[in-house]
Amino acid sequence: MNLSDHLADLLSSVTPADQLAMQAARERQAQLTKPPGALGQLEEISVRLAGVFRTPKPHPRGVAVVVAAGDHGVAAEGVSAFPQTVTPAMVGNFLLSTPAGAGGAAVNAIARSLGAQVYVLDAGVAAELPDHPQLIRAAARRGTRNLRLESAMTREETLSLIAAGASVARQAIGAGADVLIPGEMGIANTTPASALSAKLLGLNPAAVTGRGTGVDDSTLAHKVEVIRDALARRGSQLSDPLGVLADLGGYEIAAMLGMMLQAAALKRAIIVDGFVEGSAALIGVALAPALRDYLFAAGLCAEIGHRAQLDHLKLTPMFDLGLRLGEGTGGVLAAPFLLAAAATLREMLTFEEAGVPGGSEPALAPEHSLQG
Ligand SMILES: Cc1cc2ncn([C@H]3O[C@H](COP(=O)(O)O)[C@@H](O)[C@H]3O)c2cc1C
Ligand SMILES: O=C(O)c1cccnc1
């Protein structure tokens, strides 16, 4: 199958969540031993999980984060507080053996603390990475082109990275993941993420461009100008989301899009972490609106454009810890909320089952009817 047929196939496999299972879950939530609504946002999460897993008693088990790493030609414009060499060095760090286990980055430590699997994908890092048994490699150029001056990727490259992301997602799901978290590492990648957000949300670049790794005021102003220049080129039309992604995106962003589409096609839950993941999700829902049914927002992150992304996706963040890291860290932190929400729906007893007074009156059976 050629790559555009592969994408078309993936898109047509992304079908809406199961409304009947959601309705049954809502009715069940109303009978569980608690005041109505007392589990707050967990209740809506549990109902959405019922829709994803197509049962009023969903039981998601494994959690996996896939960190896709890629480099960006636009790093040459000086839009990050860190040099591009940090990308391959951090990939090394994701894989290093440490006294605590594999990986010395934040995502590794957080994933270990919660028992989540970490996969690492080289989605086009600029430097050659040494072989490592845990490093999955996509066939990609070493870094995108400078999106200020030209399209960051070709269509073929974009399709190929979407396919690579989809393939890792199948691997993770095959190994037991029911909750998939796309994560990213790529110096300068908040620039393509901001450019994509400005384009797709129709907002002024200044409204969606943040400090990323912590750039100062003058670098931030320069970053906004770089994005303005990129948007002023004769780029792709909004009616062509794949073209917009190729024009303004990045390899790891395309790979995360592939992961999301594949996980949704296989009816798994996806946690969308920060601002860079959010930009992949925006392309995803433009290509396949039903993808939204499978997305769960982790926390609100500190990038200023994140709120606008979540509003567009109609997703509610689960916490606000001021995270501004990426890597999928917030997504892994949010995973226990999903597992717990499903557990309430699955394992709590109803008022009737537990013999607790105060539940809504069950309808009277005819033989007990007063008129009988
Ligand atoms: C040591 C280090 C570890 C990271 N882990 C994630 N990021 C995050 O920061 C980068 C995006 O910010 P910007 O667009 O400003 O470059 C991405 O690599 C993202 O994953 C990191 C950044 C650094 C420096
Ligand atoms: O929110 C994010 O995804 C983010 C923020 C800063 C740096 N890298 C990623």
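User: Before we start, when do two strands count as paired here?
Analyst: Two strands pair if DSSP finds at least two bridges between them. This is a predicted model, and in it S6 and S7 pair in the parallel sense over two bridges.

User: Which residue stands opposite Ala 269 of S7?
Analyst: Val 179 stands opposite Ala 269.

User: And how many bridges join S7 to S8?
Analyst: Three bridges join S7 to S8, residues 295-297, and the two strands run parallel. Val 272 has Ala 297 of S8 as its bridge partner. Between S7 and S8 the chain passes through helix H12, residues 275-287, in a right-handed β-α-β crossover.

User: Which way do the residues of S7 point?
Analyst: Ala 269 and Ile 271 point one way, Ile 270 and Val 272 the other way, and all are buried.

User: Let us turn to H12. Is Glu 277 buried or exposed?
Analyst: Glu 277, which lies in helix H12, counts as buried because it has 33 C-beta neighbours inside 10 Å, and the cut-off for a buried residue is 20 or more.

User: What is Glu 277 in contact with, leaving aside neighbours within four places in sequence?
Analyst: Those contacts are Pro 182, Glu 184, Met 256 and Val 272.

User: A new topic: which residue does the UniProt "active site" annotation cover?
Analyst: According to the unreviewed UniProt entry, that annotation covers Glu 327. In the model, Glu 327 is placed in the loop between helix H13 (306-313) and helix H14 (329-347).

User: Why does Glu 327 count as buried?
Analyst: Glu 327 counts as buried because 27 C-beta neighbours lie inside 10 Å. Apart from neighbours within four places in sequence, its contacts include Val 67, Ala 106, Val 107 and Glu 184.

User: Val 107 is in H5. Which residues of that helix are buried?
Analyst: In H5, residues 106-114, the buried residues are Val 107, Asn 108, Ile 110 and Ala 111. They pack against several elements, among them strand S1 (62-69), strand S6 (177-185) and H14.

User: What follows H5?
Analyst: Gly 115 follows H5, and its phi is positive, near 75 degrees.

User: Last topic: which residues surround ligand 2?
Analyst: Ligand 2 is surrounded by Thr 190, Gly 212, Thr 213, Gly 274, Phe 275, Val 276, Cys 301, Glu 303, Arg 324, Leu 325 and Gly 326.

User: How does that shell divide into nonpolar, polar and charged residues?
Analyst: The shell around ligand 2 holds four nonpolar, five polar and two charged residues.

Note on methods. Residues are numbered from 1 along each chain as its sequence is written. Chains are lettered from A and ligands numbered from 1 in the order in which they are written. This is a predicted model: local features need pLDDT of at least 70, side-chain atom pairs count only at pLDDT 80 or more; totals for chains, interfaces and linings use all residues. UniProt positions are given in the numbering used here, feature names are shortened, and annotations may be inferred rather than shown by experiment. Helices (H or I, at least four residues) and strands (E, at least two) are DSSP runs, numbered from the N terminus. A residue is buried if 20 or more other C-beta atoms lie within 10 Å of its own, exposed if 12 or fewer, and partly exposed in between; C-beta atoms are placed from the backbone. Two residues are in contact if their C-beta atoms, placed from the backbone, lie within 7 Å. A residue is near a molecule or strand if its C-beta atom, placed from the backbone, lies within 6 Å of it. Ala, Val, Leu, Ile, Met, Phe, Trp, Tyr, Cys and Pro count as nonpolar, Asp, Glu, Lys and Arg as charged, and the others, Gly among them, as polar. A crossover is right-handed if, with the strands pointing away from the viewer, the path from the first strand over the helix to the second runs clockwise.
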